[in-house]
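Here are my notes for your review. Please keep the structure open as you read.

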Amino acid sequence: MSHRTFSLMIAACLFLYNACGERDRKGDLRFSAPTMKEISEDATYSKEDSSRANWPERFGFGKKASTADIIALDIDIGPDGKGLPEGTGRVKNGMLIYRQKCIACHGATGKEGPYDVLVSKGESDKKAIGNYWPYATTLFDYIRRAMPFDAPGSLNDQEVYHLTAYLLYENGIIDSMSVINARNLSKVEMPARSRFVLDDRKGGPEVR
Amino acid sequence: MKQKKISRRQLLGKMAALGLVLSQDPLGKVIQQGVPLPQNTDDPTKKLGVFPGKLGTRSSAEQLEKLPTFTSSRSPLQNFYGTITPSDLHFERHHGGVPVILPEKYELLIHGMVERPMKFTLTDLKRFPSVTRICFLECSGNFRSGKEEMTPQEICGLTSQSEWTGVMLSTLFREVGVKPKASWFLAEGSDAAVMTRSIPLEKGLDDAMIVYAQNGEAVRPEQGYPARLLLPGWEGNTSVKWLRRIEVADAPFMTREETSKYTETVKDGKVRQFSVVMDARSIITFPTYPVTVEKGWIEIRGIAWSGRGKITKVEVSVDAGRSWYPARLQEPVLDKAHTAFRFLWEWNGKETVIMSRAFDETGYRQPFYEELVAARESKGGYHFNPVTAWALKGDGRVFLDNNDFSGISWEK
């Protein structure tokens, strides 16, 4: 049996399966990786269009992305610290930058607003970094991509490191002498980490 | 006698300038007559109308407006008929304003755990096999209450529905060759927030799309021009607008919008994360505050939707939840789509409370406020989809009912 015939058969089976009102996926979150077969078989893509079995292996639209193309945009930081640039963050330096560039919107101690509260220590405080953020790496990623709100993307990596250190300190997570960097930021233990659970609801009658 | 031909343009110009009308004399000759412009006439048959134009207009009698705040703008659900949201009234929620992106400069980069990292221009995206589908988009922070004088727009106007056209994300993933170990991808926007969300690859291979058109034209700037991710049935924030980059990976990135925001506190002090599917919900959109109705026949109307599939049933109560009746659903009922429901009712003029509740194909029933509060030990937050009740006063005025349904049998 040729690969093509096989694909068509799978496509037909999927079609019948769907047509019976039985759906294999309901948009639910499954945290396991799809198998190689799911990704490589044409049939995976044949959910509602069996003609996809006739598609060329590749359409050839678009251009190959160069390493430079990728580096220019690839700014995300993973929870394991992947993507963090070189640099060191010091609490005292961070405090000075905070007073200059953040205080107007987040308040003298990070609690007064007018915008998001940035400092919290106990469970009873308003949700903020100290009692609600599960990963320290998110702080670096977010400040670098989006803050200051009215001048996004204006901070250099060094400033972002200092601000990250300062906010972790203000939230009672690191001490004033701590120095953070690409290797230790992901290891900072965030108090809220253990509170986070994955949504495992799948519909059905139970209200949760 | 020779008749002089008058072009339409000349005619319009003259008419406008001089208040001239054309008429024919008894021999059929076109003559011009100066007459006073018809003033203050409300008889449209006595006044020449507006000639065809380049853009349509909305009747000046229809005051349709979104309701903007610093962070969002709400759709006027109570003014809509059917289920498609006019594009200029689609709700807005963004975290750094609406960016200006030139279509010729647009590029989508796909990289990470793929065989061939690629970048696609808008023209490239449009060359791929295309798909059109209708679905709702709803912000997961779509619940407000607190006073009686609230419209559906104020309560849950952060939901809208469009017909979207674009390319299936699975088509692009096939083109770049996703590696077998991949299980998540990051979607990133090119707005001032450089919005990012981690999405399970499974959703990407299921019904995710990159859309460039909305209701027959290019996607509106507020909705992600020139191209956005569309994840049918999922909380709006995950359908990243102004999409510039997709990075395929084997773990979520834990961005700010999936940790500090768009998570909700649930029982035992826990925080529920990646709760991305929108639960079934319905709302009556007529009669609601601020309308006043008359005794007699009333068609109760509303919309119902579920992120987990199709709406299977909507029930309406006109006696404060003591009894429930099935409403008529407008066919075709679509997957993950606003579905119009209607319930014809003869109101006897006595004060009562009306409400609706939605059911979807997973067997889920839209819960009452108290049920959600009890289940989550929380009085609001993301993914709060309670039954909305409307108090109908004896004089026909309608108000949002305070959410106290104690004493109602929920399971009816």
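Predicted model: local features only at pLDDT ≥ 70, side-chain atom pairs only at ≥ 80, totals over all residues.

1. Residues are numbered from 1 along each chain as its sequence is written, chains are lettered from A and ligands numbered from 1 in the order written, and side-chain values use heavy atoms, with hydrogens and water left out.

2. Chain A has eight helices and four strands. These are DSSP runs (helices H or I, at least four residues; strands E, at least two), numbered from the N terminus. Of its 208 residues, 45% are buried. Buried means under 20% relative accessible area, exposed over 50%, partly exposed in between (1.4 Å probe, protein chains only).

3. B:Phe70 sits in the loop between strands E3 (67-68) and E4 (72-74) of chain B. B:Phe70 counts as exposed because its relative accessibility is 57%.

4. The rule is a side-chain nitrogen of Lys or Arg within 4 Å of a carboxyl oxygen of Asp or Glu.

5. B:Glu235 and B:Arg197 form one such bridge, at 2.9 Å, N to O. It links distant parts of the chain: B:Glu235 is in the loop between strands E14 (228-230) and E15 (243-249), B:Arg197 in strand E11 (residues 196-200), 38 residues apart. B:Glu235 is buried at 0% relative accessibility, and B:Arg197 is buried at 1%.

6. B:Arg256 and B:Glu257 also pair, at 3.0 Å, N to O. B:Arg256 is buried at 8%, B:Glu257 at 4%.
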